[in-house]
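Please keep the sequence and the structure in view while reading.

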Amino acid sequence: METSYFSLSKKVSIGVSVGVALLLMVFIAYISLHWFIKIKNQQTSNPTSSALEVFHGKISYAYLRNATDGFSSSNLIGSGGFGTVFKAFLPIENKVVAVKVLNLHRRGAMKSFLTECESLKDVRHRNLVKLMTACSSIDFQGNEFRALIYELMPNRSLDMWLHPEEVEETRRPSRTLTDKTLRCKRRSYCLSYKP
Ligand SMILES: Nc1ncnc2c1ncn2[C@@H]1O[C@H](COP(=O)(O)OP(=O)(O)OP(=O)(O)O)[C@@H](O)[C@H]1O
């Protein structure tokens with residue numbers, strides 16, 4: 001009688017232990033799954049941060065602002081479809097670089113930023129400009145700020161050598177529609193010209 005009582009209590013305690021262990025495992029699995037989904041959602045809702053993970057050292061807005069003398073026109077190199085390029089001296093790295101500040105009001109600028117971060121992160125080629133790092137921050141006015149930091153090409157762009165007067169034009173603050181049309185026409189003439 002006593003033996004069967006002991007074997008019953010033993011069975012009950014084994015059953016309870018197995019039940020508790022199973023519950024604990026289910027709980028741990030639930031927490032891990034929840035945590036994994038949360039991290040995954042954070043990455044997709046903020047693609048900039050995942051794109052920037054590739055860089056060893058991110059750079060702050062204040063640091064870039066100082067390095068370009070407040071993005072002064074004296075440091076302006078040129079401007080393109082999605083932003084303006086400035087020459088900057090990075091004191092910690094003791095290096096002169098080119099900083100492309102993206103104009104986020106321009107449609108496609110953010111996409112261009114993310115694409116460049118993703119595509120140029122591992123590219124090392126003597127004929128391609130090296131993307132050193134990027135800046136994803138908020139400026140002093142509280143606006144989103146994105147910049148790409150490239151190795152400075154001292155000889156400037158191929159465009160500068162082919163059409164120096166056109167590149168100088170882009171440094172001017174504003175161009176009229178006629179100026180732009182003439183520039184496009186000259187470009188298409190150059191492209192269609194075959195010697
Ligand atoms: N790494 C660099 N070093 C020196 N000058 C640069 C560098 N990157 C850009 N520049 C200068 O800044 C100008 C603008 O460059 P940006 O990349 O914004 O325009 P882009 O080449 O016309 O490309 P897109 O319009 O597609 O953005 C170039 O024409 C070039 O003179």
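## Terms and basis of the model

A residue is called buried when its relative accessible area is under 20%, exposed when that area is over 50%, and partly exposed in between, with a 1.4 Å probe and protein chains only. Helices (H or I, at least four residues) and strands (E, at least two) are DSSP runs, numbered from the N terminus.

The structure is a predicted model, in which local features need pLDDT of at least 70 and side-chain atom pairs count only at pLDDT 80 or more, while totals for chains, interfaces and linings use all residues. Residues are numbered from 1 along each chain as its sequence is written, and side-chain values use heavy atoms, with hydrogens and water left out.

## Overall composition

The protein contains 7 helices and 5 strands. Read from the N terminus, the order of these elements is α-α-α-β-β-β-α-β-β-α-α-α. Of the 195 residues, 26% are buried.

Contact means heavy atoms within 4.5 Å. Among contacts between residues at least 6 apart in sequence, 48% join residues that are at least 24 apart. The protein exposes about 14300 Å², of which carbon and sulfur atoms supply 62%; accessible areas come from the Shrake-Rupley method with a 1.4 Å probe, and for residues only the protein chains shown count as cover.

## Pairing of the strands

Two strands are said to pair if DSSP finds at least two bridges between them. Strands S2 and S3 pair in the antiparallel sense over 8 bridges, with Ala-88 opposite Val-97 in S3. Strands S3 and S5 also run antiparallel and are joined by 5 bridges. Here Val-97 stands opposite Glu-151 in S5, and Ala-98 stands opposite Tyr-150 in S5.

Strand S4 (residues 131–138) and strand S5 (residues 144–151) form an antiparallel pair with 7 bridges. Within S5, Tyr-150 is the bridge partner of Leu-131, and Arg-146 is the residue opposite Ser-136. Because 6 of its 8 residues are buried, S5 is largely enclosed by the rest of the structure. Strand S3 likewise has 6 of its 8 residues buried, so S3 is largely enclosed by the rest of the structure.

## The annotated position Lys-100

UniProt, in an unreviewed entry, places the feature "binding site" at Lys-100. UniProt positions are given in the numbering used here, feature names are shortened, and annotations may be inferred rather than shown by experiment.

Lys-100 belongs to strand S3 (residues 95–102). Its relative accessible area is 17%, so Lys-100 is buried. Apart from neighbours within four places in sequence, Lys-100 is in contact with Thr-84, Val-85, Glu-116, Arg-146, Ala-147, Leu-148 and Tyr-150.

## Residues with positive phi

Most residues other than glycine have a negative phi. Phe-71, which is not a glycine, has a positive phi of about 50°. Phe-71 lies in the loop between helix H3 (61–67) and strand S1 (76–79), and this residue is buried, with a relative accessible area of 18%.

Asn-94 also has a positive phi, near 55°, and is a residue other than glycine. Asn-94 is found in the loop between strand S2 (83–90) and S3, a hairpin with 4 residues between the strands. At 59% relative accessibility, Asn-94 counts as exposed. In the hairpin of S4 and S5, which has 5 residues between the strands, Gly-142 takes a positive phi near 85°.

## A nonpolar surface patch

Patches are made of residues with over 30% relative accessible area and no salt bridge; like charges are joined within 9 Å, and nonpolar side chains (Val, Leu, Ile, Met, Phe, Trp, Tyr) within 5 Å. A salt bridge is a side-chain nitrogen of Lys or Arg within 4 Å of a carboxyl oxygen of Asp or Glu.

One nonpolar patch on the surface is formed by Leu-24, Phe-27, Ile-28, Tyr-30 and Ile-31, with about 540 Å² of accessible area together. Leu-24 is located in helix H1 (residues 2–45).
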